[in-house]
Amino acid sequence: MTINYFTGSASSMNGEPMHTDLYPVILELRSVSQNYYRFVKQKYLYELGRYPEFMAASTTAFPLYSNINGGYGIFAGYSLVKSDTIYPGN
Amino acid sequence: MRTHIIKLTLIFIILTSPLIAQQQIRISGSVKDKLSGENLIGANIVEQGTIHGISSDYNGYFSIAVNAGSSLQISYLGYKNYLTAFDLKKDTIINVFLSPDTEQLDEVIVSASRTPRFNIATINYQQMTQIPSIGGKPDVIKSLQLMPGISYQNEGSSLMLVRGGDPGQNLYLFDNVPLIYVNHLGGFMSVFNPDIINNIDVYKGGFPARYGGKLSSVVDITQREGNNSGLKGSLGIGITDASFTLEGPLKIENSTFIITGRKTMIDPLMAFASSLSGGSNYIVSYGFHDINGKFTWKPDNKNSFSLNVYQGDDYLNYWSRSGTNSGEKYRLSNVWGNWLVSARLNSIVSPKLYASNKISFTRYRLKESMKYTLTNAADTSKLRIRYISAVQDLSYRSDWKYNALKNWTMDFGLHTSLLRFSPNDSYISTRTTQQTSDISNSLETALYTDNKITFLRNSTATLGLRFVNYITNDYMRFSLEPRININLSVAKNHVLNASYMRVSQFSHLAFTTGSIMNNEVWIPAGKKVPAAKSDQYTFGWNGDYRNDMFSSEINLYYKNMSDLSTFREGYTNLMGDETWATKIESGGKGESVGAEFLVRKNSGKWTGFVSYSRTRTTRQYPNINNGVKYIFDYNRPNSLSLNISYKLNEKLSFNLLWVYQTGLPFTPAIGRYYVPSLENNFEGNSYYYEALIYGERNSSEMRDYHRLDIGLSYSTLTKKRKNKAIWNFSVYNVYNRHNPVYYYYNSNNTGEIFLSEWGGEYAPLSLYQLSLFPIIPTLSYKVFFDFKPHEIKSVSTREKDRVPFKQKFGNWINQNN
C-alpha cells in the first residue's frame with residue numbers, strides 16, 4: 001500500500017534547494033458504527049457554519065448530529081487498530 | 001387553452017364593438033428628445049379633449065387609434081407639451097420631438113391621463129442622480145433596491161432579490177438582450193454603467209407574455225442611443241472608478257454612436273501597496289472594467305438599426321515568488337465577466353404593425369488558473385491548473401405589435417436561445433488523463449401572444465399566453481404560461497389592477513453567499529435538477545393627486561415557487577468536481593407574501609419618494625433543515641426607504657436617503673454541550689470541547705438596520721472652456737450606525753476566531769456582530785464636454801498628445817496581462 005502525505009517543515013539556507021523534514025506518523029484505523037460516521041460527516045458542516053468569514057464563502061449555522069431522544073449528543077462506538085510509530089526517513 | 005383565449009377575445013370585441021362604429025384612423029410613430037434624439041419611454045399620447053390615451057413603449061414607439069380629424073397631445077415629464085397642429089385624416093406615421101422644458105420644473109404639468117403601470121419599479125437616470133450613493137456616483141441596482149419589493153442580501157450588495165426570490169431569478173435585459181453576470185467587486189457594484197442608461201423598468205410580477213425564463217423579475221434596461229446634435233462626452237472620477245462617455249453623430253446620415261467605459265482606480269494602487277508590504281514576495285491586484293458601445297442608424301423614419309457591444313470583467317491576480325534564488329514562481333488569477341454582441345432592427349411596417357428583430361450572443365465565464373514553476377539546479381517542475389465555468393447564449397428574438405382595432409392591440413413573437421453550459425471544465429497538467437468536460441447544450445424556444453383589450457373607456461385587460469419548449473441532451477419539457485393583467489379605471493386617476501402569471505426557469509444559479517470569487521455557476525435543468533416554476537397573484541391600486549404631482553401605489557402579492565435548487569448544505573463550490581450534480585439540492589419550495597406601498601412626489605422644488613414593504617418569505621427543501629419549512633435567509637419583514645431631493649438653486653441641490661429595515665434572520669444557539677474530539681491531543685487522549693446547540697433555523701432576527709445618507713451636488717462651469725461640471729459630495733451612514741452583516745458566537749472579543757478545543761484560557765461564549773461600512777464621506781467630479789464647431793482649431797493641438805495618451809490608456813487597461 002502507498003500512502004501519500006505531506007506533513008512536516010521545509011527549510012532553505014542561503015538560497016539552496018528546499019530541505020524537507022518529514023514528521024513521524026502513527027496510523028490509526030477505526031471501524032466505526034453508522035452513527036459515528038454520520039456524526040463525523042456532519043461535524044465538518046458544523047464547523048463550516050460555526051464561524052462565518054467575510055469575503056469568503058460561508059454557510060449558515062448547522063447543528064451537530066444527535067441521536068439521543070430528548071437530549072443532545074451521540075451514542076456511538078468504534079474499534080481501532082494503531083500502528084507503531086513510522087519514521088518516513090528510514 | 002388558446003381557443004379559450006380566442007373565444008374570450010371575441011367576446012370582448014363583441015362587447016365593445018359599439019365603440020368602433022365611428023371612422024377611425026391610426027397614428028403611430030415615436031417620441032424623442034429634440035436635442036439628443038433619445039427615445040422617450042413612457043411619454044403620454046392623448047387624443048385631445050378625451051381621456052383616451054396610451055404611453056410610448058420601451059422603444060419610444062406608440063400607435064393609437066383616434067377619430068378622424070382629432071389632434072394628439074403628447075407630454076412627458078420635464079418636457080414641453082406637444083400638440084399635433086394638423087388635422088389627422090388618414091393613417092399616419094409621425095415622429096414627435098419634444099424639447100426639454102428647463103423652466104417647467106416649478107410648474108404643474110397638465111397631463112390628461114397617465115397610463116398607470118403595476119408591479120413595475122421604474123427609475124431613470126435623472127432619478128438615480130437624486131439618490132446619494134457611496135461612491136458619489138449613481139448606482140443602478142442600489143437605486144432599484146430602494147423600491148418596495150426589491151431587496152438585497154447584505155449591505156452594499158448589488159444582488160437583487162425580488163419579492164422573496166433568489167438572486168439567480170432575475171432576467172437582466174440590456175436593450176432587450178439577456179446579460180448573465182451583473183456584478184463587480186463581489187457584488188458591491190453592478191455592471192451597469194449609469195452613463196449609458198436611458199430608463200430601467202423592473203417587472204416584479206404580472207410579466208407581459210414577451211418576458212419569461214426567470215421566476216422573479218425582469219430588469220429591462222434601455223440604453224441611450226447617442227446624441228445626434230454634436231460630439232459630446234463626459235469624464236468622471238470617484239473613489240471606486242473613473243469613467244468616460246463619448247457620443248455623437250457619425251458620417252452616415254442619421255446615425256449616432258455612444259461609447260462608455262469604466263475602470264477601477266484601485267488595482268494599480270493595490271498592486272503597488274502589496275508589493276511594498278509583506279517582504280515584497282507577493283503582489284495582489286483586483287480590478288474591473290466595463291465597455292459599452294452602441295451604434296444606431298435610422299435610414300428613414302420607419303426603420304431603425306442598432307448594434308450593441310458590451311464587455312466587462314473582474315479580475316483578481318496574485319503573484320508570488322519565494323526567495324530570489326530558489327526559482328519558485330506562483331501565479332493565481334481569477335477572471336469573471338460577460339461578453340455581449342447584438343444587432344437589432346426595429347421597423348414600422350405599417351401604421352398598424354410594428355416589428356423588432358434581434359440577434360444576440362452572450363457569454364459569461366468564470367476562469368481560475370494557477371501556474372507554478374520551479375526552476376533551479378536541483379529540480380524543475382511545472383504545474384498548471386485551470387478551471388472554467390461558462391454559459392453561452394445565442395438568441396434570436398422577433399417581437400411584433402399589431403394594432404388590430406381601436407381597442408385591441410396584439411403583441412406576439414418568437415424567442416429562441418441556444419444555450420451552452422459548461423459548468424465545470426478543469427485541466428490539471430499533471431493528470432495523465434484529463435477529465436472530460438461536462439458540456440450540455442439546450443434549446444429554449446418560446447412563442448407568445450399578449451392581447452390588450454380596452455373596455456369601459458380607460459380600463460384594459462391583457463390576456464397573454466407563453467408557450468415554452470426546452471430541450472437538452474436527456475430532458476425535454478413543455479410549459480404553458482398563462483398571463484392575465486386587468487386594469488380597472490375606477491375614477492379619474494385611480495386605477496385598480498389584478499394579475500396572475502406563471503413562469504418557468506430552465507437554468508439554476510448555484511450561488512456562493514458572500515464570496516468575492518467563484519461567484520456564479522449556472523446549471524441547466526435536467527433529470528436530476530428539474531426546471532423551476534412559479535405562480536404569482538397580485539392586486540394593486542394606483543392613484544395620482546394634484547395633476548400628477550403626487551403618485552401613489554399599493555401592491556399586494558402572493559407568490560409560490562417550486563423545484564428550486566441550491567447548494568446542498570455545507571457546500572459552497574463546485575470547482576473541479578466531476579460529481580457536481582450530487583452537491584445540488586433540488587425540489588425546493590418557496591412562498592412569499594407581501595404588501596408594498598410607494599408614494600412619489602414628481603414635481604416641484606422638492607421631489608422624492610417613500611417606499612415601504614412588508615413581506616414574509618419561506619423556503620422548504622427536502623434535505624435542508626430536516627425538510628422543515630424555514631424563514632428565507634434574506635427575509636426582511638419591514639423595509640422602509642425615504643428619499644428627498646431639494647433644489648436649493650440652479651447650481652446646488654441636496655439629496656437625502658434614510659433606510660430602515662428589520663434585521664436579517666439568524667439561527668440562534670439555545671445551549672451548549674461538551675462533545676468528545678475525534679482526534680487525540682498531544683498526550684494521545686481524546687478531549688472534550690464545547691459545541692453549540694442551535695435552535696430552529698433562522699428563528700431569530702438581528703438588530704434593526706438603519707442608516708442615513710446625504711449628498712450635495714454642485715454644478716458649475718469650467719474656467720477655461722466653460723464646460724458643465726458637477727461636484728458631488730456625499731456622506732454614507734451619517735450617524736455611523738453599526739449595522740450587523742452577520743452574527744457569530746465567539747469566546748474572544750478581539751474578533752479573532754477562537755475555538756475552545758484549541759485549549760487556552762476559558763472565556764464564556766458571547767454573541768458578536770460583524771459590521772462594515774461606517775461613516776464614509778466621498779467626493780466625485782464629473783465634467784461634460786461638447787465639441788462645438790468653433791473649437792475645431794483647438795482639436796488639432798490636442799491631436800499631438802493624443803497618441804501617448806492612447807498608449808498610456810492601453811497600457812493601463814492591459815496592466816493585468
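**Chain B, then a helix in chain A**

Reply: In chain B, 56% of the 817 residues are buried (under 20% relative accessible area, exposed being over 50% and partly exposed in between, with a 1.4 Å probe and protein chains only). This is a predicted model, where local features need pLDDT of at least 70, side-chain atom pairs count only at pLDDT 80 or more, and totals for chains, interfaces and linings use all residues. Residues are numbered from 1 along each chain as its sequence is written, chains are lettered from A and ligands numbered from 1 in the order written, and side-chain values use heavy atoms, without hydrogens and water.

Me: How many helices and strands in chain B?

Reply: Five helices and 47 strands. These are DSSP runs, numbered from the N terminus: helices are H or I with at least four residues, strands are E with at least two.

Me: What does E5(B) pair with?

Reply: Strand E5 (residues 72–75) pairs antiparallel with strand E2 (residues 44–47) of chain B over four bridges. E5(B) also runs antiparallel to strand E6 (residues 82–83), with two bridges. Pairing takes at least two DSSP bridges between the strands.

Me: Which residues are bridge partners there?

Reply: B:Ile45 partners B:Ile74. B:Gln73 partners B:Leu83 in E6(B).

Me: Switching to H1(A). Which strands do its buried residues pack against?

Reply: In chain A, E3 (28–32) and E4 (78–82). In chain B, E40 (669–676), E41 (688–694) and E45 (742–746). Contact means heavy atoms within 4.5 Å.

Me: Which residues of H1(A) are buried?

Reply: Among them are A:Tyr36, A:Phe39, A:Val40 and A:Arg50.
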